[in-house]
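This briefing concerns the protein shown below.

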Amino acid sequence: MEPARLHRWRAELTRTGMAINDQLTRLLAGQQVTLATLKLPHEQRPGLRPEEKLRLFLDRISRAQQRLDTPAWGRCVDCGAELPEPALDDSPWLEQCPDCEAR
């Protein structure tokens, strides 16, 4: 992976993680938050409370940050297939390939 792209992904993970943390902090303080402006992962289960959604997303971002400088970065956590770079550009917290996500 090219260094400039890794830098962009690292910056996006940091920026998004900070935004999610801010929303979670506000929510836990009893303030109103809007999740509609956040690009939450697609597999969010219905019926989750906003706090649960934010915590799950923050966990996912943290896992992506941990994988970023390892051989696991850019690979599906289930099958090991390479993740499409355009998809990582859009969502650097992506964990699964389209086939595994569809299951």
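The points that follow are grouped by topic, after a short note on the model.

The model is predicted: local features need pLDDT of at least 70, side-chain atom pairs count only at pLDDT 80 or more, and totals for chains, interfaces and linings use all residues. Residues are numbered from 1 along each chain as its sequence is written, and side-chain values use heavy atoms, with hydrogens and water left out.

**Overall fold**
- The protein has 4 helices and 0 strands, where helices (H or I, at least four residues) and strands (E, at least two) are DSSP runs numbered from the N terminus.
- In sequence order the pattern is α-α-α-α.
- The C-alpha trace spans about 40 × 30 × 20 Å along its principal axes.
- Buried residues (under 20% relative accessible area, 1.4 Å probe, protein chains only) account for 35% of the 103 residues.
- Of the contacts (heavy atoms within 4.5 Å) between residues at least 6 apart in sequence, 51% join residues at least 24 apart.

**Helix α1**
- Helix α1 covers residues 3-28, and its 26 residues should span 38 Å at 1.5 Å a residue, the expected span being 1.5 Å times one less than the number of residues.
- The end C-alpha atoms of α1 lie 37 Å apart, which agrees with that expectation.
- The buried residues of α1 are Arg 5, Leu 6, Trp 9, Leu 13, Thr 16, Gly 17, Ile 20, Gln 23 and Leu 24.
- Their cover includes α2 (50-67) and α3 (85-90).
- Just after α1, Gly 30 adopts a positive phi of about 85°.

How values were computed:
Buried < 20%, exposed > 50% of the residue type's maximum accessible area, 1.4 Å probe, protein only.
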